[in-house]
Amino acid sequence: MTTFQRFTIAVLSVLAFAVALLSAPAASAAPAFSVTLVPAASQFPAGGEAVLGVHLEGETALLPGLQFDVMGGDLVGVDPLSRLSSTAAAGAVHVSRATPGNVRVSASFGGAVLATGEARFVQLGTVEVTVSLAADANAAARTWRFEVVNASGAVADTIQLGTSGDALSATGSSAALPYGAYTVRQILGNDTKLSCTGGAFYALTEPATGAVAVDLNSATAAVRFALTLCPGAPKLSFQAPIDTVGPALPETPINEVRGARSSGPGADNTPLPPDTGAGAAATPHANKLAPLILLVATLLLAMPAAYAAATLSRARRR
């Protein structure tokens with residue numbers, strides 16, 4: 001084999017290797033972070049708006065610009081990612097759907113889908129409960145509790161209503177609930193029963209069973225409950241004190257406000273405290289110490305002068 005042939009084979013091998021590298025699919029590097037999409041609630045009202053939280057975890061110097069694709073609904077808006085820490089960030093995606101169903105949202109970066117999430121849209125309505133009490137204007141204030149139970153037997157919501165002599169009827173609504181079959185029942189207690197027996201103060205007259213079946217298929221489903229005050233029940237009422245407005249009274253003397261003062265036993269024989277005067281009086285002990293202190297101060301001042309005179313005398317003798 002000649003040198004030219006070897007050279008030709010080597011060149012062809014290099015070209016074949018280069019073609020193989022160019023024809024191979026380019027492998028994209030995986031991002032150094034992860035993304036999740038979490039709906040803010042288990043269900044949303046059809047015709048309304050749903051929110052899916054965007055959570056990013058991982059080391060990244062710059063927050064990525066994620067792309068969101070929506071299937072089955074409309075994209076309303078996107079809250080950009082904002083840092084929660086050096087390794088975490090959060091944002092949100094807002095979507096809508098006019099009819100019941102699911103909306104699928106996907107988040108991608110660099111052409112790769114990183115996360116998906118779904119928002120469930122359902123028809124929602126509320127259960128409206130009205131309670132009335134057959135009593136007079138002196139009826140005591142009372143709170144009545146009602147439970148809204150779904151078809152599975154679970155309590156979907158609780159409603160509390162209050163009545164009194166001033167308001168013998170009250171109305172309240174439950175939270176937004178998916179369309180379906182429900183049962184509304186009143187929570188009875190020791191003094192509230194289905195009839196005026198067993199020491200009951202109140203009796204439920206409507207409905208007779210204490211529960212009402214509701215088919216929630218519109219914005220509102222209304223139910224009514226009626227109670228009555230049992231005969232012979234103790235009078236439960238509250239009367240606020242009445243402040244009668246009368247003519248202005250004369251000013252009360254200060255002595256009456258403070259009350260009358262009377263002398264106690266032995267008051268006549270109790271000696272008064274000694275008169276201490278208006279200022280600090282000098283004591284005899286202090287007067288005796290003053291000359292002594294003055295003498296000591298004079299001696300202390302004279303000692304340096306005497307020492308200086310003695311030193312000067314000795315110097316002259318020499």
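Q: What makes Glu147 and Arg185 a salt bridge in this predicted model?
A: The closest N and O atoms of Glu147 and Arg185 are 2.9 Å apart. A salt bridge requires a side-chain nitrogen of Lys or Arg within 4 Å of a carboxyl oxygen of Asp or Glu, so this pair is called a salt bridge. The two residues link distant parts of the chain, with Glu147 in strand β10 and Arg185 in strand β14, 38 residues apart.

Q: Why is Glu147 called buried?
A: Glu147 has a relative accessible area of 16%. Buried means under 20%, so Glu147 is classed as buried.

Q: Why does Arg185 count as partly exposed?
A: The relative accessibility of Arg185 is 35%.

Q: What makes Asp191 and Arg142 a salt bridge?
A: Their closest N and O atoms are 2.8 Å apart, and the cut-off is 4 Å, so the pair qualifies. Asp191 lies in the loop between β14 (180-186) and β15 (192-193), whereas Arg142 belongs to strand β10 (residues 142-150), 49 residues apart. Arg142, at 23% relative accessibility, is partly exposed, because buried would require under 20%.

Q: What makes Glu118 and Arg104 a salt bridge?
A: The closest N and O atoms of Glu118 and Arg104 are 3.4 Å apart, which is set against a limit of 4 Å; the pair is therefore a salt bridge. Glu118 is in strand β8 (residues 112-122) and Arg104 in strand β7 (residues 101-109), 14 residues apart. A search of the whole structure finds three salt bridges.

Q: Why are Glu118 and Arg104 called partly exposed?
A: Glu118 has a relative accessible area of 40%, and Arg104 has one of 38%. Exposed would require over 50% and buried under 20%, so both residues are partly exposed.

Q: How do you know that Thr130 is buried?
A: Thr130, in strand β9 (residues 124-134), has a relative accessible area of 10%. The limit for buried is under 20%, so Thr130 is buried.

Q: What makes the link between the side chains of Thr130 and Thr171 a polar contact?
A: The link is 3.0 Å, and a polar contact needs N or O atoms within 3.5 Å. Leaving aside neighbours within four places in sequence, Thr130 is in contact with residues including Ser169, Val223 and Phe225.

Q: What is the confidence of the model?
A: The mean pLDDT is 80, and 70% of the residues reach 70 or more.

Conventions
Residues numbered from 1 in each chain as written. Heavy atoms only, no water. Helix = DSSP H or I, 4+ residues; strand = E, 2+ residues; numbered from the N terminus. Buried < 20%, exposed > 50% of the residue type's maximum accessible area, 1.4 Å probe, protein only. Polar contact = N/O pair within 3.5 Å; in protein donor to acceptor, adjacent residues only side chain to side chain. Contact = heavy atoms within 4.5 Å. pLDDT = per-residue confidence, 0-100.
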